[in-house]
Amino acid sequence: MRDPLTEKPRRKIPSRLIEVDAWIDSSLWRFGHGFSRFWESVTIFSRRFRARGLNKLAVEVACEGLTLGVAGLIVMLALAQPAMKLTANGLPQQTDYSVLFLDRHGNEIGRRGVMRADAIPIDEMPDHFIKAVLATEDRRFFEHWGIDFFGLARALSENARAGGVVQGGSTLTQQLAKNLFLSNERNIERKIKEAFIALWLESHYTKREILSMYLDRAYMGGGSFGAAAAAEFYFDKDIRDVSLAEGAMLAGLFKAPAKYAPHINLPAARARANEVLTNMVQGGFMTEGQVVAARRQPATAVDRSTTTSPDYFLDWAFGEVQKIAGDMPHRNFVARTSIDMGLQQLADESVEYHLRQFGKTYDVGEAAMVVLDDDGGVRAMVGGRDYGESQFNRATKALRQPGSSFKGYVYAAAMEAGFKPDDKISDAPITIGRWSPQNYGRSYAGTVTLQTAIAKSINTVPVRLSQKIGMDKVTALAKAMGVESNLRGDKTMALGTSEVTVLDQATGYACFAAGGMTSNRHGILQLFDTNGNLLWDSKRDMPPRRRVLSETASAEMNQMLSQIPIIGTARKAQLSMTRAAGKTGTTQGYRDGWFVGFTGNFTAAVWFGNDSFRPTNKVSGGGLPTMTWQRFMEAAHQGIELKPIPYIDNTMPERKAPKVAEEGDAPPPVRPASLTTAAQKVLAQIGMLMSSAPPLEKPEKLAAAAGDDNAVGRR
C-alpha cells in the first residue's frame with residue numbers, strides 16, 4: 001500500500017498546445033522586431049529625400065494635383081460613358097436615298113440625300129481649298145490628337161483680351177464629332193462627349209479620313225451638306241474646279257453657313273472670304289502675293305436669293321420618306337409634301353418676330369412651332385431660330401416638359417370616364433406620398449367646376465382626377481391621340497412632368513380639332529419614282545382615321561378648351577374672325593412656355609425655352625407662346641373658308657375687333673396669295689381628266705388643219 005505522504009509526486013508532461021502558443025508568441029515578436037528594424041531603415045533612407053522650404057511646397061502641390069487629377073479622371077470616365085455608347089456601333093451610316101421634295105402645290109422646295117451622296121476623294125480637291133479650310137478651322141490639325149490644348153489656350157487668351165467670344169477652341173475633329181453624333185446644345189455635358197468622341201475618331205481613323213469626312217458631311221447652308229454639294233449650289237461648279245477666291249468663300253461657311261451664305265448676304269460672304277485669305281497668309285499656307293488676286297477679284301455666287309428651303313421640315317420629311325420606302329427597291333424619289341410655303345413663311349416670321357422683340361427681355365433664345373391642317377397634314381414646321389446655326393430640330397427631337405398643356409389629356413380621360421364640365425371638385429391642398437402639388441399662386445379656390453379648373457389652370461384638380469380615373473388610362477389615351485414620346489405614367493405626369501415633343505402636342509390636340517378622331521399626322525402626300533410612277537398615296541395607303549375619344553367627350557372638351565381664350569389663361573389667343581381653343585403650359589422654373597391651340601382649320605403647338613434648360617425670365621404659356629400663335633393664326637385664316645370647331649355651333653359669338661397697331665409696332669403679317677381650296681380641287685380634277693384622256697390618233701392631221709385655218713384667217 002502506497003503512502004501518499006512519502007511518495008514523490010508524478011511529473012506532468014507539457015501539452016503540445018503550450019508549444020504552439022510559445023511558437024506563435026515568439027514568431028510574432030520576431031516579426032514585429034524585424035518590421036520595426038525594417039521600418040527604421042526605410043525611415044532613415046527616406047530622410048535623404050525629405051523636402052524643405054520651397055521644395056516641400058512644390059511637392060505638396062504636386063501631390064495634391066495628382067490626387068485631384070486622379071479624381072477628375074474618374075469623374076471624366078464616368079461622364080464619358082454616354083460618348084462610349086454613341087460610338088459603340090461605329091460611325092452612323094449615311095443613307096443612299098435621294099429625294100426631291102415638292103410643296104403641296106407641286107413647287108420644288110429642296111432636296112435631301114443627293115446633296116451629300118457623291119463624295120469627292122480628298123486627293124481630287126483643290127490644294128488651295130484644303131489649305132483654306134485648315135488655315136481657318138484648325139491650323140494644327142496634323143499635330144494634335146483630337147484636342148488641341150495649345151489652340152484652346154490661345155482661344156481663351158484671345159477671348160479674354162477681346163472681352164467676348166471671338167475665337168473658338170474646338171478642333172476640326174471635335175467639330176466632326178458634333179456633326180456626326182451630337183446636337184448643337186451648348187452645355188458641359190455635350191463638350192465632354194465631344195472631346196471623348198474626338199479621341200475615338202483619332203484612334204480609329206487617319207487624319208486624311210477625318211478631314212475627308214468633315215468636308216463631306218458638314219452643313220454649308222442652302223440645304224447642302226459637304227463641300228462638293230456646296231460648290232454646285234453656290235457656284236454651279238464641280239469642287240475640283242473652284243478658284244482660290246471661291247474656295248476661300250466655301251471655307252468661310254463652316255463657321256456660320258446661314259450668316260455667310262453668299263446667296264443670302266454676298267458682302268458678308270466676301271468679307272469672310274477675305275478673312276480666310278488672311279488666315280492662310282498668317283498660317284504660312286500661302287504668301288500675300290499668292291492671294292492678292294483673290295482679294296481683288298472676290299467670288300460671285302449664283303443668284304439664289306429667291307430660293308427658300310424649309311430645312312427643318314425637309315430633314316423630318318426625309319425620315320418620313322425612308323419609313324414609307326421601307327422595302328421598296330427604289331432609292332430615288334420625288335415626294336409631294338403637305339407643307340404650305342405661305343404658312344411656313346408666316347410661322348417663321350411669327351417666331352422670329354417675338355424672339356427679336358422679347359428674347360432679351362425674357363432671356364429666351366429658342367422656339368419651335370408645328371402647324372397641322374384639319375386632315376393631319378403638316379403645313380409648317382419651325383425647328384429653331386436659325387437652321388444655319390443649329391440643325392437640331394426642336395420641333396421633332398427636343399424632349400421638353402409640357403407643363404399644364406398636358407392637362408388636356410387628363411381632362412379628356414376624365415370626360416371619357418363620365419365626368420362633366422359642370423361637375424364640381426375640390427381645389428384644396430393634396431398630398432400623395434411625399435408629393436404635395438401646389439397652385440401657381442399658392443392659393444386655393446375651394447370647390448370649383450372642371451370648366452373653371454382647366455380655364456384657370458388649377459393644379460390640384462387634374463391631380464385629383466388622375467388619381468380617380470387612373471394614370472394608366474391617361475397615358476393610354478395620350479398615346480392613342482398621337483403622343484409618341486415615352487410617358488412615365490407616374491403621379492406627377494398629370495402636371496406635365498413627362499417630356500414630349502412639339503410635334504407630339506400638335507398631333508395630340510389635333511384630335512380635338514378632328515372631333516375625337518385620330519389626326520393621322522403626315523408630311524408626305526404622294527411618293528413617286530423618277531419616272532413619275534405613283535408609289536404611295538396618303539389618301540390610299542394611310543390607315544383610316546379611328547375614333548379615340550367619344551363624341552360626347554369631344555364635344556365637352558372642345559367646349560371647355562374654347563373657353564380658355566375667353567376667360568382663362570390664353571386670352572391673348574383670341575382671333576378676330578373665328579373661335580380659338582387651346583391650353584397654355586408653363587413648367588417649373590419657367591424653363592418652358594407652351595401654347596397648343598386649334599381652330600376649325602388648323603392646329604398649332606408653340607414652345608419657347610433655352611437649349612441649355614436654363615430658366616427663362618418668367619416666360620409663361622399665356623405670354624410669348626400664345627402671342628406667337630395668335631400672330632400666326634390671325635394671318636393664316638385670311639382669305640380662306642372658315643370652318644367651325646367640331647361641336648361648337650357659334651363660330652364667333654362675339655366678334656373681336658382687330659388690334660389697333662400702336663406707334664412703333666411692326667405691321668401684322670399678311671398671308672401670301674395662294675390658290676383657294678376650291679381652285680385647288682378644280683385644278684386637281686382637270687389634271688386627272690387630262691392624265692386619263694386618250695392620246696390623239698393623228699396629231700399631224702390636227703396640225704395640218706390648224707395650218708389651213710391660219711391660212712384662211714390670213715386671207
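Which residues does A480 touch, not counting residues up to four places away in sequence? A480 touches T518, R546 and V548 (contact means heavy atoms within 4.5 Å).

## Basis of the model

This is a predicted model, in which local features need pLDDT of at least 70 and side-chain atom pairs count only at pLDDT 80 or more, whereas totals for chains, interfaces and linings use all residues. Residues are numbered from 1 along each chain as its sequence is written, and side-chain values use heavy atoms, with hydrogens and water left out.

## Overall composition

The protein chain contains 25 helices and 12 strands. These elements are DSSP runs numbered from the N terminus, with helices (H or I) of at least four residues and strands (E) of at least two. Of the 715 residues in the protein chain, 48% are buried. Buried denotes under 20% relative accessible area, exposed over 50%, and partly exposed the range in between, with a 1.4 Å probe and protein chains only.

The accessible surface of the chain is about 37600 Å², and carbon and sulfur atoms contribute 55% of that area. Accessible areas come from the Shrake-Rupley method with a 1.4 Å probe; for residues, only the protein chains shown count as cover. Among contacts in the chain with a separation of 6 or more, 71% involve residues 24 or more positions apart.

## Packing of α6 and α7

Two packed helices are described by the angle between their axes and the distance between the axes. For helix α6 (residues 172-181) and helix α7 (residues 188-204), the axes come within 8 Å and cross at roughly 105 degrees. Axes are lines fitted to C-alpha atoms, for helices over the stretch in contact, and angles run from 0 to 180 degrees between N-to-C directions. The two helices, α6 and α7, are therefore roughly perpendicular to each other, a class that covers angles of 65 to 115 degrees (under 35 is roughly parallel, over 145 roughly antiparallel, and the rest oblique).

On the α6 side, the contact is made by T173, Q174, L176, A177, K178, L180 and F181. Helix α7 contributes R190, E194, A195, I197, A198, W200, L201 and E202. By class, the contact of α6 with α7 has nine nonpolar, two polar and four charged residues. Here Ala, Val, Leu, Ile, Met, Phe, Trp, Tyr, Cys and Pro count as nonpolar, Asp, Glu, Lys and Arg as charged, and the others, Gly among them, as polar.

## Selected helix residues

R272, in helix α12 (residues 266-282), is buried at 7% relative accessibility. The side chain of R272 reaches the backbone oxygen of G252 at 3.2 Å. Leaving aside neighbours within four places in sequence, R272 is in contact with T136, E137, G252, K255 and Y260.

I469 belongs to helix α18 and is buried, with 8% relative accessibility. I469 and A417 are 52 residues apart in sequence, while their C-alpha atoms are 7.0 Å apart in space. Besides A417, the residues touched by I469 include V410, A413, A414, F419 and V474, not counting residues up to four places away in sequence. A480, in helix α19 (residues 471-481), is partly exposed with a relative accessible area of 24%.

## Loop residues with positive phi

S457 is not a glycine, yet has a positive phi of about 55 degrees. S457 lies in the loop between α17 (450-455) and α18 (460-469) and is buried, with a relative accessible area of 15%.

F613 likewise has a positive phi, near 65 degrees, in a residue other than glycine. The loop that holds F613 runs between β12 (602-609) and α23 (624-636), and F613 is partly exposed at 37% relative accessibility.

How values were computed
A polar contact is a pair of N or O atoms within 3.5 Å; within protein, one must be able to donate a hydrogen and the other to accept it, and residues adjacent in sequence count only if both atoms are side-chain atoms.
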